Amino acid sequence: MDARLRERNIEEYWPVIGEEVDEIKKLAEPLKGMKVLHVNATAYGGGVAEILHNLVPLMRSVGLDARWRVLEAPDEFFNVTKKFHNTLQGADIEITEKEWDLYERVCQENTKLIQDEEILVIHDPQPAAVRKYLDLNDRKWLWRCHIDLSAPNMTVWKRFSRYLEGYDKLIFHLEEYFPEGWEEKSVAFPPSIDPLSEKNSDLDEDFIKTILERLEIDPKRPLITVVARFDPWKDLFSAIDVYRIVKEEIPDVQLAIVSAMATDDPEGWFFYEKVLRYAGVDEDIKFCTNLKGVGNKEVNAIQRATTVALHTAIREGFGLVISEALYKKVPVVARPVGGVKIQVKHGENGYLAWEKEKLAEYVIRLIKDENLRKNMGENGKRTVIENFIITVHLKNYLKTFLNLLG
């Protein structure tokens with residue numbers, strides 16, 4: 001299935017990056033007309049789909065013939081690939097022969113997604129085995145991994161890694177995710193947010209006020225916001241615990257848990273119910289999901305009204321929600337996992353800590369000190385513009401393609 005895409009123009013980014021626009025156009029010149037295909041699991045929900053909605057049109061705007069297609073698969077396939085996701089991040093879960101067979105069968109059926117493209121970028125475990133069933137050695141194959149592979153379940157990794165043998169390059173967010181023995185084939189660069197997307201562009205104050213009113217968030221009271229999928233690795237229970245510790249000292253604090261139920265994550269519904277039960281009847285905990293009509297603009301509004309952003313994940317491939325908050329000048333308090341620790345500079349644009357009590361201490365400090373929040377917010381926006389926006393991401397892809405093509 002082809003994903004629907006809007007148009008984008010690299011020239012629109014002049015106000016953000018200035019003359020760098022011309023550098024990117026020059027870099028892309030040798031790739032004009034090159035057919036590039038991105039394949040992933042879903043067109044909606046989660047960071048990968050969000051990136052592709054903006055990155056693919058931007059690739060087109062600099063002259064590449066970029067396309068994006070999505071796997072066609074039954075629900076039970078996504079139950080299996082969720083197990084891949086968890087085991088490749090270290091979980092001790094068994095994957096049965098029947099499940100491996102289902103995975104391979106669906107990937108084989110999806111080889112029809114590949115047509116006459118010259119560069120193929122396959123995202124994450126879900127479509128990885130497609131390569132195995134295509135004898136297209138004249139193409140350039142890249143596997144883009146968006147999860148933390150630093151300590152995988154080795155039983156699963158040894159078998160799963162066979163699907164990657166035909167790839168020319170593996171792309172990870174961080175060098176620490178390179179699998180042992182695959183270093184020469186691997187390259188690292190971070191994902192990105194789009195400053196011009198609905199989720200990050202400037203909003204009218206009246207619109208923000210209207211959204212807060214609809215979601216019953218009081219703009220006059222401090223707000224802690226967690227943006228995360230309902231996933232065991234995100235540890236939303238700890239986020240609620242941190243909020244409760246903060247509330248003992250700042251009774252009028254509110255907590256917004258913001259999430260989208262992704263179509264490729266059936267496990268999400270189970271954790272959604274668990275987190276709801278854990279939150280109990282506290283009216284100051286607001287669940288802001290697509291089930292309540294919360295889309296990208298609403299997430300943007302909530303983040304802009306946030307006093308402190310909180311992130312309690314125990315494993316994290318990258319965590320683009322960190323860059324989203326920082327770009328909006330909101331300081332972040334988070335656990336130092338995966339890509340989070342290269343976005344949050346401790347003491348500069350936020351704070352890093354493992355213990356819930358320490359996280360709460362930093363949140364309290366920021367809520368109480370407006371000048372500290374303002375300074376950290378300015379630092380945060382600068383960090384994102386220099387490192388984690390879509391134009392940097394585009395440049396990294398262009399350089400990778402050029403290197404592959406010699």
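This is a predicted model: local features need pLDDT of at least 70, side-chain atom pairs count only at pLDDT 80 or more; totals for chains, interfaces and linings use all residues.
Trainee: What makes β3 and β4 a pair?
Mentor: Two strands pair if DSSP finds at least two bridges between them. Strand β3 (residues 119-123) and strand β4 (residues 140-144) run parallel and are joined by five bridges, so they meet that definition. I119, for instance, has K140 in β4 as its bridge partner. As for the names, strands (E, at least two residues) and helices (H or I, at least four) are DSSP runs numbered from the N terminus.

Trainee: Why are β2 and β6 called edge strands?
Mentor: The open sheet has six strands in the order β2-β1-β3-β4-β5-β6, with parallel pairing. β2 (65-70) and β6 (186-188) each pair on one side only. From one strand to the next, the twist averages 20 degrees.

Trainee: Which helix packs on the sheet, touching β1, β2 and β3?
Mentor: Helix α3 (residues 47-61) does, and its direction makes about 155 degrees with that of β2. Contact means heavy atoms within 4.5 Å; angles run from 0 to 180 degrees between N-to-C directions, with axes as lines fitted to C-alpha atoms, for helices over the stretch in contact. Helix α15 (residues 390-405) lies across β1, β3, β4 and β5 (169-172), at about 145 degrees to β4.

Trainee: Why is β8 described as largely enclosed?
Mentor: Buried means under 20% relative accessible area, exposed over 50% and partly exposed in between, with a 1.4 Å probe and protein chains only. Six of the six residues of β8 are buried, so the rest of the structure largely encloses it. Q254, A256 and V258 are buried on one side, and L255, I257 and S259 on the other. β8 runs parallel to β7, with five bridges joining them.

Trainee: Which residues of helix α10 are buried?
Mentor: In α10 (residues 296-304) they are E298, V299, N300, A301, I302 and Q303. Their cover includes α7 (205-214), β7, β8 (254-259), β9 (285-289) and α11.

Trainee: What makes a space a cavity or a pocket?
Mentor: On a 1 Å grid over the protein atoms alone, a cavity is a set of points where a 1.4 Å probe fits but cannot get out; a pocket is an open set with protein on both sides within 12 Å along at least five of seven lines, and lining residues have an atom within 4 Å of a point. Points are joined across faces, edges and corners, and a volume is the space filled by probe spheres set on them.

Trainee: How many charged residues line the largest cavity?
Mentor: Its lining has eight nonpolar, four polar and no charged residues. Ala, Val, Leu, Ile, Met, Phe, Trp, Tyr, Cys and Pro count as nonpolar, Asp, Glu, Lys and Arg as charged, and the others, Gly among them, as polar.

Trainee: Which helix gives the most to the lining of the second largest pocket?
Mentor: Helix α14 (residues 370-387) does, with six residues. That pocket holds about 320 Å³ of space, and its lining divides into two nonpolar, four polar and seven charged residues.

Terms used. Residues are numbered from 1 along each chain as its sequence is written. Side-chain values use heavy atoms; hydrogens and water are left out.
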